[in-house]
Amino acid sequence: MVPLGSKALFALAGLGLIASIAYGVATKDSSATTVLGFVAVGAFALGVAVLLAGADQEPWVATDAPLAEQPPAGGRGLLPSAFPLVAAAAFGTLALAAATNVVVGVVGLVLAAVAGLGWLFQVWTEDGTYSAGYGLRIKERLLLPVGLPVGVVALVGAIAISVSRVFLALPEKGTRVAAIVIAIVILLSAFAIASSKRVARTALVLLTTFAFVAVIAAGIAGQAHGERSFEKAKGIRHYAPLPGQPSTVAASDTAGATGSSATTAAPTTTTGS
Amino acid sequence: MAASGVQLSLPPADRAGDDGHDPSLAVYGVVAMGVAAVVVMGALMAAWLAVEAGTQTWPPKGVTVQNYFGTTLSVTMLMSATVGWWVLYAVRRGDRRQAAMALTVAMFLELCFINLLTYVMRGSHLGPATNAYGTLYYAVNAATIAVAASGILVAGLTLVRVLGGQVGPARPQLGWVAAWYGTFVSLVWFVMYTTVYVVK
């Protein structure tokens, strides 16, 4: 029996096809004909899919069915997932990036990675074949050997890039002060953590997270502020003149306080005999 | 052992039929997504035709459409779609190593496709703000690249679950997903090919 959904989609396909042909014949407008034609084909394909899908009903299992034919028992229930929403936000951000700039694109990619990995992890752990022992094995054999080095490199890279943005934004003397202060804070924090036996793990995680977020935020602020102006060297050329061409070197390099410029002769090129 | 209400609320994706042929909700979702992608590309083709009809010189002077690239991209997509069905073949036979290899090849081919398409885009020196042709050329290419990238994503996720032993003859749903989505990615390309290289 053809379900109502398929009937509606087939009707839409038929009407779309008729409209496409009629509109094309009447107006010779190929664009509208194409749109209507694609709608008709799409509706027909979805109608066939709905027809083959069948009713979405719970499976019936006989009470005396063999154990292997029964659904798994003892696992946790399925959790509602926020990852489709995160994925939608990621794709929206990526679409926005096409009209804005690369920073928005990077944010979209990060969101997409979070959605993809989180969604995969949730689906993975909800699978019937998943168990705590299997999860531990994957963690020890795959996640820690691969994820730990990659995570550390990413963490160090993020901190280095963020701090460098701050240093570039600050004035020259401020950069020195900031570098010394950051180094002292890290040293004292590490000393305090190493010497104390009463630092709770949660507090430590919160402090570290706060410090990391603060560094990233400072880096973003530094990037937004822009770099300070740097002095540019003038008149210094680090290459030799081409054969046969004179090279004028700036006064600061050759004439010193006289302020005049000097012209150096190019070396003579000897060609054979 | 009686099944509890929580267990019975498993989504259809986890309910393979006894014969292992039940494509499940995930497959129909992917089919719907693929159909939507093809229709979107059809709408872009219609926009292309509409702008072409209102423009005197189309494509603009200086733009040369080289069919060599179109043919190479088409062959790549055909190979990718075929490999997608190879994945399903291997999954239904329970050959995990072959399925993983096929998925890797599918991802590689789609990556090659994106690589060549971006190369052609760069070589054309057309941007979204160049002219009307550039706007539409950029749009159809970007849409095709996005669909191909999603194809890599689908194949990658399937590969992870194949390697994890969560896909096999008893539960071949993701094999069907990989096969159908690869086919729809190819269809999207062929709509674009017809637009840019045949209709011009």
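Two residues are in contact when their C-beta atoms, placed from the backbone, lie within 7 Å. By this criterion, among contacts in chain A between residues at least 6 apart in sequence, 48% join residues at least 24 apart; the corresponding share in chain B is 77%. The model is predicted: local features need pLDDT of at least 70 and side-chain atom pairs count only at pLDDT 80 or more, whereas totals for chains, interfaces and linings use all residues. Residues are numbered from 1 along each chain as its sequence is written, and chains are lettered from A and ligands numbered from 1 in the order in which they are written.

View 1. Helices (H or I, at least four residues) and strands (E, at least two) are DSSP runs numbered from the N terminus. Chain A holds eight helices and two strands, in the order α-α-α-α-α-α-α-β-α-β from its N terminus. Chain B has six helices and zero strands. A residue is buried if 20 or more other C-beta atoms lie within 10 Å of its own, exposed if 12 or fewer, and partly exposed in between, with C-beta atoms placed from the backbone. Buried residues account for 11% of the 273 residues in chain A and for 40% of the 200 residues in chain B.

**View 2. Helix α2 of chain A against helix α2 of chain B.** Axes are lines fitted to C-alpha atoms, for helices over the stretch in contact, and angles run from 0 to 180 degrees between N-to-C directions. The axes of α2(A), residues 30–53, and α2(B), residues 24–53, come within 8 Å and cross at roughly 175°. The two helices, α2(A) and α2(B), are therefore roughly antiparallel to each other (angles under 35 degrees count as roughly parallel, over 145 as roughly antiparallel, 65 to 115 as roughly perpendicular and the rest as oblique). By class, this contact of α2(A) with α2(B) has 21 nonpolar, five polar and no charged residues. Ala, Val, Leu, Ile, Met, Phe, Trp, Tyr, Cys and Pro count as nonpolar, Asp, Glu, Lys and Arg as charged, and the others, Gly among them, as polar.

View 3. The residues of the contact of α2(B) with α6(B) divide into 18 nonpolar, five polar and no charged. B:Phe184 lies in helix α6 of chain B and counts as buried, with 24 C-beta neighbours inside 10 Å. Not counting residues up to four places away in sequence, B:Phe184 touches B:Gly34, B:Ala37 and B:Val38. B:Phe184 and B:Val38 are 146 residues apart in sequence, and their C-alpha atoms are 7.3 Å apart in space.

**View 4. The largest nonpolar core.** A nonpolar core is a set of buried Ala, Val, Leu, Ile, Met, Phe, Trp, Tyr and Cys residues joined through C-beta atoms within 7 Å. The largest has 69 residues, and those with the most contacts inside it include B:Val87, B:Leu103 and B:Trp180. At least two residues of this core come from each of α1 (4–27) and α2 of chain A and α2, α3 (67–93), α4 (96–124), α5 (132–163) and α6 (173–199) of chain B. The largest share, 15 residues, comes from α6(B). Leaving aside neighbours within four places in sequence, B:Leu103 is in contact with B:Val87, B:Ala155, B:Thr158, B:Leu159, B:Val162 and B:Ala178.

**View 5. Helix α5 of chain B.** The expected span of a helix is 1.5 Å times one less than its number of residues. The 32 residues of α5(B) should span 46 Å, and the end C-alpha atoms are 47 Å apart, which agrees. The buried residues of α5(B) pack against α2, α4 and α6 of chain B. Just after α5(B), B:Gly165 takes a positive phi of about 75°.

**View 6. Backbone features in loops.** A cis peptide bond, with omega of about -5°, joins B:Trp58 and B:Pro59; B:Pro59 is in the loop between α2 and α3 of chain B. A:Lys28, in the loop between α1 and α2 of chain A, has a positive phi near 60° and is exposed, with 9 other C-beta atoms within 10 Å.
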